[in-house]
Amino acid sequence: MSFLFSRRSKNNRKGDNIVLPEHIGIIMDGNGRWAKKRGLPRSAGHTAGAQNFRTITRYCSDIGIRYLTVYAFSTENWKRPQEEVSALMKLFKQYLEEALSDFKDDSIVVRFIGDTSAFSPELQDLIHRTQKESAHRTGMVLNIAMNYGSRDEIVTAVKSIAAHVKNGEIDIESINADTISSYLYTAGQPDPDLIIRPSGEYRISNFMLWQAAYTEFVILDKLWPDFTTDDLDSAILEFSNRNRRFGGV
């Protein structure tokens with residue numbers, strides 16, 4: 001189905017009458033179950049998921065998606081077995097090292113959303129370098145949510161706003177929805193038009209709660225490592241056929 005979308009979509013946002021979402025969010029779920037079904041350690045599922053992440057990211061960039069946010073590691077994921085968390089940290093390190101050269105010929109801007117201060121100094125340095133080296137690019141913005149939780153994001157934003165009110169920098173009567181949006185990790189970006197969750201789970205899992213107020217959701221009964229560009233096309237087709245009223249009629 002991938003032939004439905006072409007680079008010309010970047011110009012008119014409609015490829016063959018298909019309306020492309022400007023911002024897509026993906027909850028990359030099901031790596032562990034994918035591995036278990038194959039009698040493999042959970043770490044093998046995360047490795048397969050990381051490889052698929054590269055494929056889907058490049059495809060989104062190629063068809064003209066302007067913003068892509070992927071849920072890589074939540075604030076709750078620290079509760080997983082230490083062995084699995086350690087394997088994920090090693091995988092993140094490997095990915096970031098590769099990303100410094102992996103996307104160098106792409107126009108993709110790489111950003112990280114979440115509290116990255118919880119990671120090791122080495123990982124934090126790689127995150128900083130990756131963001132810095134891609135900042136000059138002009139293509140799709142890729143947000144990688146690491147140690148991200150939407151409730152934590154909102155609490156942090158509220159604390160920052162309160163501090164600025166206390167210091168006399170913001171008038172409390174001027175605070176509105178736009179003010180709060182401007183203090184979130186995704187400040188300056190449009191809210192996601194479409195959030196896709198592979199794995200068949202029907203929950204948002206603390207992902208972009210504020211930003212997803214009017215987001216369209218597509219749930220697929222397929223584990224993330226098996227998610228394909230055709231599946232993405234199908235989700236975009238479903239999105240394109242929906243009537244988005246944003247509370248109107």
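**Aromatic pairs and cores**

Guide: Tyr71 and Phe207 are both buried, a term that requires under 20% relative accessible area, with exposed over 50% and partly exposed in between (1.4 Å probe, protein chains only). This is a predicted model, in which local features need pLDDT of at least 70 and side-chain atom pairs 80 or more, while totals for chains, interfaces and linings use all residues. Residues are numbered from 1 along each chain as its sequence is written, and side-chain values use heavy atoms, leaving out hydrogens and water.

Visitor: What makes Tyr71 and Phe207 a stacked pair?

Guide: Rings of Phe, Tyr and Trp (its six-membered ring) pair if their centres lie within 6.5 Å; planes under 30 degrees apart count as stacked, over 60 as edge-to-face and the rest as tilted. Here the centres are 4.7 Å apart and the planes at 20°, hence a stacked pair.

Visitor: Why is the pair of Trp224 and Phe227 called stacked?

Guide: The ring centres of Trp224 and Phe227 lie 5.3 Å apart with the planes at 25°, so this pair is stacked.

Visitor: Why is Trp224 called buried?

Guide: Its relative accessible area is 1%, so Trp224 is buried. Phe227 also counts as buried, at 1% relative accessibility.

Visitor: Which residues do ring pairs link into a cluster?

Guide: The cluster consists of Tyr71, Tyr148, Tyr185 and Phe207.

Visitor: How many residues does the largest nonpolar core have?

Guide: It has 42 residues, Ile24 and Leu232 being among those with the most contacts inside it. Such a core is a set of buried Ala, Val, Leu, Ile, Met, Phe, Trp, Tyr and Cys residues joined through side-chain atoms within 4.5 Å.
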